[in-house]
Amino acid sequence: MRIIWVTLRTTFTVAIVCCLIYNIAVWAVAQSAAPDKADGSLIENAEGQVVGSRLIGQNFTDPGYFHGRVSSIDYDANGSGTPNYAPSNPELLKRTQESVTSWQAENPGVPVSELPIDLVTNSGSGLDPHISPEAAQAQVPRVSAATGLPAEELERMIEDNTQGRSLGLFGEPAVNVLELNLDVQAAVEAR
Amino acid sequence: MTTLSLISIAVTLLIAVLLAKPVGLYLAAAFDYGPNRLNRVFGPLERLIYRISGFREENQSWKSYAAALVVSNAVMILLVYLVLRFQGALPLNPAGVANMEPSLAFNTAISFMANTDLQHYSGESGVSYLSQATVLVFSMFVSPATGLALAMAFIRGLSGKGAGNFFADLIRALTRVLLPVAFVSALLFVFMGVPQTFESAATATTLEGAQQTIARGPIASFLAIKELGNNGGGFLGVNSAHPFENPSGLSNLLQILLMLLVTSALPFAYGKMVGSLRQGRVLFVSMLTMLIVMTGVSLSTESAGNPVLNNLGIQHEQGSMEGKEVRLGEAQSAFYSVITTAAETGAVNTMHDTLTPIGGMVPLANMMLNTVFGGMGVGFVNVLMYALIAVFLSGLMVGRTPEFLGRKIEGKEMKLIAVTLLVQPFLILVPTAIALATNPDTISNPGFHGLTQALYEFTSAAANNGSGFEGLGDATTFWNVSTGIVMYLGRYISMVTLLAVAGSLAAKKPVPAASGTFRTDTAMFGAVFVGIVLIVGALTFFPALVLGPIAEQLTL
């Protein structure tokens, strides 16, 4: 019985320290030192309207925008997930073949051998905000044709929105699709 | 896979290795009841906590120590269960999440208190901010603290000291290790982009004019203790694959280092506490060797990719990208899957269900062996159990009474160890067979992979890891109840039996080492130790692995 009584009192003190004080201390420092990041790295347009988060991918289907990765949840950021297809699952092959076929239809000038695998595979989160630099490069002819922007300008935008490896070493180079498309949108509107 | 990504993995391992010894020496000092500098720093605060909690820092008997551990954890499981059941009516619930149903709350309460964090709910919709920030964070602090207390008591037993005081060890683990490190790393995570807010989900109008609701919350504080405490439960559904829970290569690095921080330091803490650092170093090197081999196997198979997709003629230099994130890439994803199962954390930055078959077998093997560092405290106690077995078998071979650190290992200890050893395969293989026979409709992938899904779920539960092959339809009463029971037994049976071993050894009179004594601080012993781990593991689980991942790889 004594153990139960001590447990209840210990639970109380630990809850005060680990739940209340710890959470609120982290929250207070975070909100005062880096409020933008603490709130989810949201991006606002010139009118102050939230257009998305720098860290969360969006669904792009317009040929005049760069497209992101396959998402079984259609980039619904109120959840997250993937279909969890095993390598041996026939559904995986079927879905990928469909992606390759529609890629061919949308990008007639670019051979399949230049289609990087990240564009036809489902990301882990279903919300991947990035594609590989090669995957952005492969879409330049299509976006250029749809928007009238010269290929060199699009390539410069890709470079601007490519984040390298952290500390030059950790992770992989990645292009932020939303930020890239914001630049595309601005350039189209400026014409 | 590029040379650069190989270097990044080597650098990560190097940092972890360099941290292990200083952290280990710190741990040894932190749990020393005698007067030292740390006690002067933390003492006043801890004595206040002791007074409010109603206990004193006095030695318990081995039985009382074990009873305090099991009973306190059981009471806390009940409290967590109650909050989850009634979260819908409690405050701090901006998303209007409903009460958790009984079997899911049963599973979740055990899961978090047993340091497993198998999640059969999705963080965005299944739990309120209150549940996340209070009961789940509470469990994520208390369960690793319990594991660390167990390890310290066990090591005290091997060195002939008393067990210590469970509640004092629990508080020391919190004040001296978990809270300070978690606080600093939570802030680092915020600066890397992880949200920490109590505001409800954000709403955005996308470039193409659609509405996007973006779930967020107090993620950074949750994430820090999730990794540091080898818990692994994600704030968001897809865990550390979610860009909010792992925004960059840098946050990925910090997560890997946090997972290894305490568990890789424990061998050195042990060496210091038993008075011979060499004893700890040989175990550390043995485990590191196994870890490097596992990493090598995983990297080579993941970078080769999935032949089925590669045959489509697309550019596949990035390796197998299904279920992976671009910013992390194939190499860091495969590496993370090895670390998270070696350190029994269970956080994932890639979907393990989508790993290539052999790439998925490596995490499975890590969890089955449960000795490649292993989870917070419990992993190292498991390692010491295998060390005792290695000494015992070596002793039998040369016909001497086996001794470990000068204490004779006799029938009583070996019986307890044999029970502990047999419980794990029983908890994995029997429920897997039952699940396959009774619940085949919950398995999402066809063929050999389906068997691996069920096998992985119970292995993860029994080893208190918590990662999953998430295609499995595990949010049913059958899976909630069965894995709940497996997690509970997987955690507490071995804790009790191994505390009994420690108590029994502590009571023995040490015999002085002689020329014929089998030394346990040499490379020779390290090799025997690894051999025993692999032989026991292979004999137990090889047939299941052949039917699952190995068969699947052969069919691709």
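I began with burial in chain A: 46% of its 191 residues are buried. Buried here takes 20 or more other C-beta atoms within 10 Å of the residue's own, with C-beta atoms placed from the backbone.

The model is predicted, so I noted its limits: local features need pLDDT of at least 70, side-chain atom pairs count only at pLDDT 80 or more, and totals for chains, interfaces and linings use all residues. Residues are numbered from 1 along each chain as its sequence is written, while chains are lettered from A and ligands numbered from 1 in written order.

Next I looked at the make-up of chain A. I found seven helices and five strands. Helices are DSSP runs of H or I, at least four residues, and strands are runs of E, at least two, numbered from the N terminus. The radius of gyration, over C-alpha atoms, is 22 Å, well over the 16 Å of the globule rule for 191 residues, so chain A is more spread out than a compact globule. That rule is 2.2 Å times the number of residues to the power 0.38.

Then I turned to the interface. I see 105 residues of chain B in contact with 89 of chain A. Contact means C-beta atoms, placed from the backbone, within 7 Å. Helix α7 (residues 166-191) of chain B gives the largest share of its side, eight residues.

Last, I checked α9(B). I found 24 of its 25 residues buried. A kink of about 40° is centred on L261(B). The bend is the angle between axes fitted to the seven residues ending at a residue and the seven starting there. G275(B) follows α9(B), with a positive phi near 85°.

Note on methods
Buried ≥ 20, exposed ≤ 12 C-beta atoms within 10 Å, placed from the backbone. Contact = placed C-beta atoms within 7 Å.
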